[in-house]
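Subject: Structure handover

Hello,

Here is the structure I said I would pass on. My notes on it follow below.

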Amino acid sequence: MDKERVKTFMEKVFGDMAGAMTAGLGFVGVKTGLFRALAGQGPLTLDDVVRLTKLQSRYTEEWLKGMVCAGYLEHDPRAGTYCLPDEHAFLLASDDTDHFMGGLFCMAPVLLRVAPRVALAFEQGGGVPFEDYGADGIEALDLLNRGQYEQRLATHWLKSLPEIVQRLEAGGRILDVGCGVGRVALTLAKAFPRVSVLGLDADRESIAQATHAATAEGLSGRVRFIIGSPGDLAAEERFDLITACDCVHDFAAPVDTLTAMRDLVKPDGVLFVVEPKAADRLEDNCNSIGTMYYGFSVFHCMTQSLARGGPGLGTCLGPARARALMREAGFSSFDILDIKSQVLAFYAVRP
């Protein structure tokens, strides 16, 4: 046995466990507002931080020390101060922007909370249905994605489909499948004042929140949200644009659902798909993002599909399998769009 290899791997295990604890500490930083309180303040003492946040001193002290060890905060031992660098605040204290990464931390407790049930499913089959993730799960998914949807979807991503943008500017119909709390649908309705938008989702609580948001923003006249799937819509329904953002890999009946979506898109319309960016070959996913996505898959995406009797496509669907699914569902073309992102892939699919 190679003792150096054992030692090296032992350090990796410690590092991975440290990463898990850092995610937990990061969650606390987001939920309590600690990151936001530290942003732009320069070096602060513990008393300064407590005064700013009104949080308990002992908890705050331990959190600050943990974040120093994790490399998130800078520490001056002589002055006894802690500082969140501007470059870190850009990612951690920038809620609702397209570069906010704090939403990732909010996924950690949601996913690991179901780990015992997922372990049991390894032995007995089945999985954890979406509704069992509760309100925290809905909130975490929204926090993870909303900045990008609100700030990039209409102004950047859809520019890769100029003919669709032109049609939406003149009016048209949009269907958002797997709409969640409605960020995509509402963003598109605000960007294109002449369109009507229908959002579909199987989760009752998500639809309730989306409907409330549409009313609050004065968009309920042009935006509707209903519980259901594409197969539930009338055959005469036709849409210029169908969006499926971060949901195709979750489908319990992917071919049937995509076939129904093909029947709903107009002959000259487009299905715009956003999926986690993963390579087709496992060896090309051996990096931090790939590791994160396989964890998301086991503890969320795959298991909630298997819980409904689905195939459990998983977060790392990849372009080759996505293309094959679209062809099986009867779509005639599948284009990978040249939109830059470290974590997302974009497809334009046509009937």
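A crossover counts as right-handed if, with the strands pointing away from the viewer, the path from the first strand over the helix to the second runs clockwise. Helices (H or I, at least four residues) and strands (E, at least two) are DSSP runs, numbered from the N terminus. This is a predicted model, in which local features need pLDDT of at least 70 and side-chain atom pairs count only at pLDDT 80 or more, while totals for chains, interfaces and linings use all residues. Residues are numbered from 1 along each chain as its sequence is written, and side-chain values use heavy atoms, with hydrogens and water left out.

Strands and sheets

A right-handed β-α-β unit is made by strand 5, helix 11 (residues 204-216) and strand 6. Strand 5 (residues 195-201) and strand 6 (residues 223-227) run parallel and are joined by five bridges; two strands pair if DSSP finds at least two bridges between them. Within strand 6, Ile227 is the residue opposite Asp201.

There is also an open sheet of three strands, in the order 1-3-2, with antiparallel pairing. Strand 1 (44-45) and strand 2 (74-76) are at its edges with a single partner strand each, so one side of each has no neighbour in the sheet. Three bridges hold the antiparallel pairing of strand 2 with strand 3 (residues 81-83), and Glu74 has Cys83 in strand 3 as its bridge partner.

Buried residues

Buried here means under 20% relative accessible area, exposed means over 50%, and partly exposed lies in between (1.4 Å probe, protein chains only). Contact means heavy atoms within 4.5 Å.

In helix 10 (residues 183-191), the buried residues include Val184, Ala185, Leu186, Thr187, Leu188 and Ala189. Among the elements that cover the buried residues of helix 10 are helix 8 (134-153), strand 4 (172-177), strand 5, helix 11, strand 6 and strand 7 (239-245).

Gly102 belongs to helix 6 (residues 102-113). Gly102 counts as buried because its relative accessibility is 0%. Neighbours within four places in sequence aside, Gly102 is in contact with Val30 and Leu91. From Gly102 to Glu11, 91 residues apart in sequence, the C-alpha to C-alpha distance is 26 Å.

Thr257 lies in helix 12 (residues 254-264) and is buried, with a relative accessible area of 16%. Pro230 and Phe251 are in contact with Thr257, again leaving aside neighbours within four places in sequence.

The second largest pocket

Rolling a probe the size of a water molecule over the atoms shows where empty space is left. On a 1 Å grid over the protein atoms alone, a pocket is an open set of points with protein on both sides within 12 Å along at least five of seven lines, and lining residues have an atom within 4 Å of a point. A volume is the space filled by probe spheres set on the points, with grid points joined across faces, edges and corners.

The second largest pocket holds about 150 Å³ of space. It is lined by 13 residues, and Lys277, Ile336, Leu337, Leu344 and Ala345 are the closest to its centre. The lining has nine nonpolar residues, one polar and three charged, where Ala, Val, Leu, Ile, Met, Phe, Trp, Tyr, Cys and Pro count as nonpolar, Asp, Glu, Lys and Arg as charged, and the others, Gly among them, as polar. Strand 10 (residues 344-350) gives the most to this lining, with four residues.

Leu344 is in strand 10 and is buried, at 12% relative accessible area. Not counting residues up to four places away in sequence, Leu344 touches Gln148, Trp157, Val274, Glu275, Pro276 and Lys277.

Regards

Note on methods:
1 Å grid on protein atoms, 1.4 Å probe; cavity = no way out; pocket = protein on both sides within 12 Å on 5 of 7 lines; lining within 4 Å.
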